[in-house]
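Subject: Structure handover and findings

Hello,

Here is the structure I promised. Please open it alongside this note, and read on for what turned up.

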Amino acid sequence: TSHHPQLNKIFGRICDFLDSGTSTQIVEEGFPILGGVVKTFQSSYSRVELADGLPGVIIISTDITARYSRELELKEELEKFRILADGQGEGIGIADPDEVFTYVNPAAERLFCVPEGTLVGRNLKEFLPESGRKTVENATMRRQNDMRDTYELKIVRTDGQERTLMVTAAPRKSKDGEFLGSFGIFRDITEQRVAEEQRLKLEQKIQHAQKLESLGVLAGGIAH
């Protein structure tokens, strides 16, 4: 058997399975075949009792090389995306169809004021006032119809602060067209909106003062 290392590997796996005492086991392993090409198989081990009472094993193997290769490519692409997204100053997040975060970058965690690594798994709706939930539900319906959009959204952070976000969102779909959720970019525009409100109030005061001044001049003219 020294000339067949792969057979040794299989025999070793069978012995380990029998020694484990479990009735079933599923493993994924790569095996080189002719030409040095490595194939990946998913093997199901099932314990059986042979006619002579000795333990035996039924092994059913499925070639999953294509699926495994796609998964590796997806992991590599995701890693590239994370390296890029983690360096961004704006919040970036991926959510499933129910608005549960499956990925966020550090900027998004700071924006929502949560400890590092705790935003994934939480629902966006946890941070929304009642009015904001309807906004998100409507936006999700648009993305289900393959629409991208940009809208303002008010959130309440874990420290109690209310912030205004500019959200740019796009749908995520599978190759078969199944809606997988949303990809979003969050930009905090709270200070911008506060400044705009203050400017608007100042303009209204100036207009009011000018109106009073005009009325004063008019009253003076009538008196003369």
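Which residue in E8 stands opposite Gly93? Gly184 does. Keep in mind that this is a predicted model.

The sheet

Gly93 and Gly184 face each other across the pairing of strand E4 (residues 91-95) with strand E8 (residues 179-188). These two strands run antiparallel and are joined by five bridges. They belong to an open sheet of five strands. Its order is E5-E4-E8-E7-E6, and the pairing is antiparallel. The edges are strand E5 (101-104) and strand E6 (149-156), each of which pairs on one side only. On average, neighbouring strands are turned by 30 degrees against each other, direction ignored.

Now the other pairings. E7 and E8 are antiparallel too, over nine bridges. In that pairing, Leu165 stands opposite Asp188 in E8. The two strands make a hairpin with five residues between them. Gly177, in the turn, has a positive phi of about 90 degrees.

E6 and E7 run antiparallel, joined by eight bridges. Here Glu152 is opposite Met166 in E7. This hairpin also has five residues between its strands, and Gly160 takes a positive phi near 90 degrees.

Helix H4 (residues 130-144) lies across E6, strand E7 (162-173) and E8. H4 runs at about 150 degrees to E6.

The core

In soluble globular proteins, nonpolar side chains tend to be buried together. The largest nonpolar core in this model has 20 residues. Which of them have the most contacts inside it? They are Phe101, Phe112, Leu119, Leu153 and Ile155. At least two core residues come from each of E5, helix H3 (106-112), H4, E6 and E7.

Leaving aside residues up to four places away in sequence, Phe112 touches Phe101, Leu119, Leu124, Phe127, Ile155, Arg157, Thr158 and Leu165. Is Phe112 buried or exposed? Its relative accessibility is 0%, so Phe112 counts as buried.

Aromatic pairs

There are five aromatic pairs in the structure. One of them joins Phe112 and Phe127, edge-to-face, at 4.9 Å centre to centre with 65 degrees between the planes. Phe112 lies in helix H3 and Phe127 in the loop between H3 and H4, so this pair ties together parts that are 15 residues apart in sequence.

Why is the pair of Phe112 and Phe186 edge-to-face? The ring planes stand at 90 degrees, and over 60 counts as edge-to-face. The ring centres are 5.9 Å apart. This pair links distant parts of the chain, with Phe112 in helix H3 and Phe186 in strand E8, 74 residues apart. Phe186 has 6% relative accessibility, so Phe186 is buried as well.

Ring pairs join Phe101, Phe112, Phe127 and Phe186 into a cluster. Phe101 and Phe112 were also named above among the core residues with the most contacts.

Two further points

First, a charge over a ring. The charged end of Arg47 sits over the ring of Phe17, 5.4 Å from its centre.

Second, Val194. This residue is in helix H5 (residues 190-223). Val194 and Thr164 are 30 residues apart in sequence, with their C-alpha atoms 9.7 Å apart in space.

Best regards

Definitions and conventions
Residues numbered from 1 in each chain as written. Predicted model: local features only at pLDDT ≥ 70, side-chain atom pairs only at ≥ 80, totals over all residues. Heavy atoms only, no water. Pairing = 2+ DSSP bridges. Helix = DSSP H or I, 4+ residues; strand = E, 2+ residues; numbered from the N terminus. Axes fitted to C-alpha atoms, helices over the stretch in contact; angles between N-to-C directions. Contact = heavy atoms within 4.5 Å. Core = buried A, V, L, I, M, F, W, Y, C linked by side-chain atoms within 4.5 Å. Buried < 20%, exposed > 50% of the residue type's maximum accessible area, 1.4 Å probe, protein only. Phe/Tyr/Trp six-rings, centres within 6.5 Å; stacked < 30°, edge-to-face > 60°. Lys NZ or Arg CZ within 6 Å of the ring centre and 35° of its normal.
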